[in-house]
Amino acid sequence: MKPNTNIMKSPQSLYVMTGFVRLPKNKLGQVRHYALPAEIPASKQKYIPSSGTYPKGFVVAGAHAGVKESNTRFPDVALICSETPCSAAAVFTTNKFQAAPVQVSKQVLEARGGEGIRAVVINSGCANAVTGKGGLEDAKSMSAKVDECIGAPSSGTQDTSSLVMSTGVIGQRLPITKILTTIPTAHSTLSPTHASWLTTARAICTTDTFPKLLSTTFTLPSAPNTTYSLAGMTKGAGMIHPNMATLLGVLATDAPITAPALKPLLTHAVSRSFNSISIDGDTSTNDTIALLANGAAGGIPITNSPASADYAAMQKVLTSFAQSLAQLVVRDGEGATKFVTVRVRNSPSHDDAKTIASTIARSPLVKTALYGKDANWGRILCAIGYTQGIGEGTVVPERTSVSFKPVDGSEELKLLVNGEPEAVDEERAARILEDEDLEIVVDLGGGVRGEEGKGGEEGVYWFCDFSHEYVTINGDYRT
């Protein structure tokens with residue numbers, strides 16, 4: 001599977017299509033502002049697709065409501081609709097203060113058993129979180145208004161067929177009249193085109209510097225001559241850490257996946273993608289990743305049977321796609337200058353490996369050292385050593401190795417080998433740390449507990465560095 005990441009050759013055309021404009025820089029030379037369109041950095045333009053192959057039977061739109069008064073013209077309401085009822089599943093934040101749209105979407109999915117879902121409506125600019133009963137009513141009214149537009153009037157949450165998501169500042173009520181007025185406008189402009197998908201992806205952004213959109217095609221063992229499509233959009237740049245983050249995402253496919261199969265497929269994919277990224281270690285109130293499947297391309301329905309070759313193939317496609325989409329979030333981390341992969345090998349279990357990788361990814365000292373291009377590998381060792389919740393004997397200093405893996409394919413720079421420090425070539429280390437991409441490899445030298453030398457499990461995390469800009473962005477978040 002190769003997600004479509006074709007480069008738009010003329011950045012100016014993106015501004016026309018999505019409403020981006022160039023804003024004046026502040027006194028520190030930074031251009032990212034909350035809930036306002038920002039200039040797309042030259043280094044990020046390569047992640048914006050110039051075309052895509054989108055799933056049959058899905059139409060999308062982005063429209064302007066002015067959720068934030070400072071937003072006078074740019075899209076901030078997104079609508080993703082299926083022309084026929086879908087199977088649907090979602091993974092939500094584990095934060096105790098779950099936002100109203102999270103609660104309402106959970107109710108919709110539970111009431112319908114993950115079947116008969118028609119749409120997802122999303123607003124940016126306000127999270128509708130910690131807003132009490134009024135916030136719940138607002139989220140319900142958004143769902144009901146979408147149902148009304150698509151010809152499925154509802155009388156309450158249990159009857160609605162639309163999921164709801166919101167993102168933005170916590171603790172403020174939505175300007176619900178603006179949103180309810182804009183939903184019919186969005187509905188009237190629904191389209192299956194690439195331009196519409198890109199505009200819709202733009203509408204869900206907050207401090208993001210570019211819209212995050214991917215699409216791909218694939219086949220299934222039972223239908224090798226049928227081409228299926230999978231598309232996804234996500235947003236998130238700060239307050240990012242499982243489970244999950246201030247992160248929203250919608251994935252849609254025209255493959256025929258049953259509701260019972262959809263949830264485990266999504267859970268598996270999210271655990272290895274959106275739940276394997278970190279920007280700042282904060283988990284938000286609104287996190288939602290939803291997957292819709294309408295079966296419009298035909299074929300035999302995919303069930304969650306362990307013996308199903310289609311299920312196994314779909315799991316591989318979905319997980320790989322979700323990883324590509326999640327990595328875009330890290331690449332757009334607030335103030336980030338580096339995209340870092342940390343790979344922990346030869347662990348007794350996948351969970352232990354992932355826990356260690358997560359601890360390294362969250363360490364402010366590791367992240368600031370990387371920003372400063374300092375090969376201070378002692379900070380990595382410290383993070384490994386204080387990792388909580390792993391099995392006895394997982395980390396043994398005498399068999400632990402750490403290295404930097406350059407992106408150019410050259411030999412790893414060994415920092416520690418079986419607990420013994422290497423004579424580090426500081427000049428080469430500095431050259432490696434100049435690159436935007438970096439991989440940190442941690443080899444625990446074990447695997448199966450008590451049987452040193454046997455191969456073990458691997459855990460991977462993706463994260464970014466901490467820069468001065470991150471502090472500035474979040475210090476000015478509401479202003």
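**Exercise 1. Overall content**

Solution. The model is predicted: local features need pLDDT of at least 70, side-chain atom pairs count only at pLDDT 80 or more, and totals for chains, interfaces and linings use all residues. Residues are numbered from 1 along each chain as its sequence is written, and side-chain values use heavy atoms, with hydrogens and water left out.

Step 1. The secondary structure amounts to 12 helices and 15 strands; helices (H or I, at least four residues) and strands (E, at least two) are DSSP runs, numbered from the N terminus.
Step 2. Contact means heavy atoms within 4.5 Å. Taking contacts between residues at least 6 apart in sequence, 78% join residues at least 24 apart.

**Exercise 2. Two helix pairs**

Classify the orientation of H3 with H4 and of H8 with H10.

Solution. 
Step 1. Axes are lines fitted to C-alpha atoms, for helices over the stretch in contact, and angles run from 0 to 180 degrees between N-to-C directions. Angles under 35 degrees count as roughly parallel, over 145 as roughly antiparallel, 65 to 115 as roughly perpendicular and the rest as oblique.
Step 2. The axes of H3 and H4 (residues 176-188) cross at roughly 25 degrees and come within 10 Å; H3 and H4 are therefore roughly parallel.
Step 3. On the H3 side the contact includes Asp138, Met142 and Lys145, and on the H4 side Ile179, Leu180 and His187 are among the residues met. By class, this contact has 8 nonpolar, 2 polar and 2 charged residues. Here Ala, Val, Leu, Ile, Met, Phe, Trp, Tyr, Cys and Pro count as nonpolar, Asp, Glu, Lys and Arg as charged, and the others, Gly among them, as polar.
Step 4. H8 (residues 350-362) and H10 pack at about 135 degrees with axes 8 Å apart, and are therefore oblique to each other.
Step 5. H8 passes H10 in a right-handed crossing. Ile356, Thr359 and Ile360 of H8 make the contact with Ile380, Ala383 and Ile384 of H10, a set of 5 nonpolar, 1 polar and no charged residues.

**Exercise 3. An aromatic pair**

Which parts of the chain does the pair Tyr54 and Trp197 tie together?

Solution. 
Step 1. Rings of Phe, Tyr and Trp (its six-membered ring) pair if their centres lie within 6.5 Å; planes under 30 degrees apart count as stacked, over 60 as edge-to-face and the rest as tilted. The structure holds 3 such pairs.
Step 2. Tyr54 and Trp197 are stacked, at 4.8 Å centre to centre with 10 degrees between the planes.
Step 3. Tyr54 lies in the loop between helix H1 (11-18) and strand S1 (58-63) and Trp197 in helix H5 (residues 194-203), so the pair ties together parts 143 residues apart in sequence. Both residues are buried.
Step 4. Helix H5 also holds Arg202, which is buried at 5% relative accessible area.

**Exercise 4. Positive phi**

Is Asn128 buried or exposed?

Solution. 
Step 1. Asn128, in the loop between strand S3 (115-124) and helix H3 (132-149), has a positive phi near 50 degrees.
Step 2. Its relative accessibility is 0%, so Asn128 counts as buried.

Definitions and conventions. Buried means under 20% relative accessible area, exposed over 50%, partly exposed in between (1.4 Å probe, protein chains only). A crossing is left-handed if the near helix is turned anticlockwise from the far one by less than a right angle, and right-handed if clockwise.
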